[in-house]
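Visitor: I've got this fold on my screen. Walk me through it, please.

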Amino acid sequence: MTRTFPDRVTNVGNDLTRVAGSFLHSVVTGDWAACGFCALPVDGYSHCPQCLSHSRTGLPLADRAGFLVYADEPSSQTYRMMRGYKEQRTRDTFEPIVEALLAVGLRGHFNCANKLAGTNDSGWTVVPSTRGRTVFVDLVRSLSSAPDSEIAVSLVGPKPDRVLHPASWAIAAGEALPTHVVVVDDAWVSGASAQSLAVTLKQAGVFVVSILSVARVLSPRWDENKSFVKDVLPALSYDWTICPWTLGDCP
């Protein structure tokens, strides 16, 4: 349904559209086949092979995943942005755009996840950097409207690489876990890192997990991506009001 956003969110969203709308592409539904969980273009299937492999593990996965923009590698401006915002020489160029995307996602659509989860008893956490970088978590913390609701998580094992590895993550001892946790990640490639953290949270007692990823990366190594990037992506304009979890109207 249509809704009214706070003025500050509206201003950020409109400025973001003006500055970066020429190269950002919202993740939306349309007359193409896409994975029902991660929005990857597919051909004749309800889910992509990666999400199917995750579900076949029988582990308790996230209940939903939301995405703000597509980023097609290797040379699109959005993909360069998602790599460059963490690098010292390009950080000043790209970090403000990632920050604005996060501001819209967290301040404008966090409550959408609560509505879908059926609860306001919510917390949030960030997928930790496997390289020890703090750029992304610092951005999320600066934008959170509920800083006391952060669930502290650390990397204690090998990075999940396409396969789920919940033991990679550990929740800080003594954390009081809410009913619902939003896991915030910067980029979804295979989803293994965010999904592994979702499993960790659920195994610890969290009832509902929603994932919010800034970018859904499209790799040219997946054949369906090639035609999607060529024929569909250029026509997908950026619209910050689109709900990242429904890929349409806010719930």
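Guide: Helices (H or I, at least four residues) and strands (E, at least two) are DSSP runs, numbered from the N terminus. This is a predicted model, where local features need pLDDT of at least 70, side-chain atom pairs count only at pLDDT 80 or more, and totals for chains, interfaces and linings use all residues. Residues are numbered from 1 along each chain as its sequence is written, and side-chain values use heavy atoms, with hydrogens and water left out.

Visitor: Got it. What's the strand order in the open sheet?

Guide: β1-β6-β5-β2. The open sheet has four strands, with parallel pairing.

Visitor: Which are the edge strands?

Guide: β1 and β2, the latter at residues 122-126. Each pairs on one side only.

Visitor: How many degrees does the twist average?

Guide: 15 degrees from one strand to the next.

Visitor: Let's take β6. How many bridges does it share with β1?

Guide: Eight, in the parallel sense. β1 covers residues 64-72. R64 has S210 of β6 as its bridge partner. D72 stands opposite L218 in β6.

Visitor: And how many between β5 and β6?

Guide: Eight bridges, again parallel. β5 spans residues 180-188. Here V182 is opposite S210 of β6.

Visitor: How many bridges join β2 to β5?

Guide: Five, and these two strands run parallel as well. T125 faces V183 of β5 in that pairing.

Visitor: Why call β5 largely enclosed?

Guide: Because eight of its nine residues are buried, β5 is largely enclosed by the rest of the structure.

Visitor: Now helices. Which strands does α3 lie across?

Guide: β1, β5 and β6. α3 is residues 77-84 and runs at about 110 degrees to β1. Axes are lines fitted to C-alpha atoms, for helices over the stretch in contact, and angles run from 0 to 180 degrees between N-to-C directions.

Visitor: Which α3 residues are buried?

Guide: T78, Y79, M81, M82 and G84. They pack against β1, α4, β5 and β6. Contact means heavy atoms within 4.5 Å.

Visitor: At what angle do α3 and α4 cross?

Guide: Roughly 100 degrees, with axes that come within 8 Å. That makes α3 roughly perpendicular to α4. The scale: under 35 degrees is roughly parallel, over 145 roughly antiparallel, 65 to 115 roughly perpendicular, and the rest oblique.

Visitor: Which residues meet there?

Guide: From α3, Q77, R80, M81, M82 and G84; from α4, R91, F94, I97, V98 and L101. By class, that contact has six nonpolar, two polar and two charged residues. Ala, Val, Leu, Ile, Met, Phe, Trp, Tyr, Cys and Pro count as nonpolar, Asp, Glu, Lys and Arg as charged, and the others, Gly among them, as polar.

Visitor: What does L101 touch?

Guide: L16, L24, L68, V69, M81, V214 and Y238, leaving out residues up to four places away in sequence. Take V214: it is 113 residues from L101 in sequence and 7.1 Å away in space, C-alpha to C-alpha.

Visitor: How do α1 and α4 pack?

Guide: At about 145 degrees, with axes 9 Å apart. α1 is residues 7-20. Their crossing is left-handed, meaning the near helix is turned anticlockwise from the far one by less than a right angle; right-handed is clockwise.

Visitor: Which residues meet?

Guide: V9, V12, G13, L16 and A20 of α1 meet I97, A100, L101, A103, V104, R107 and G108 of α4. They divide into nine nonpolar, two polar and one charged.

Visitor: Last pair. At what angle do α4 and α5 cross?

Guide: Roughly 45 degrees, with axes that come within 10 Å. α4 is residues 91-117 and α5 is 135-143. That makes α4 oblique to α5. The crossing is right-handed. Among the contact residues are L102 and L106 of α4, and F136 and L139 of α5. The contact has nine nonpolar, one polar and four charged residues.

Definitions and conventions
Pairing = 2+ DSSP bridges. Buried < 20%, exposed > 50% of the residue type's maximum accessible area, 1.4 Å probe, protein only.
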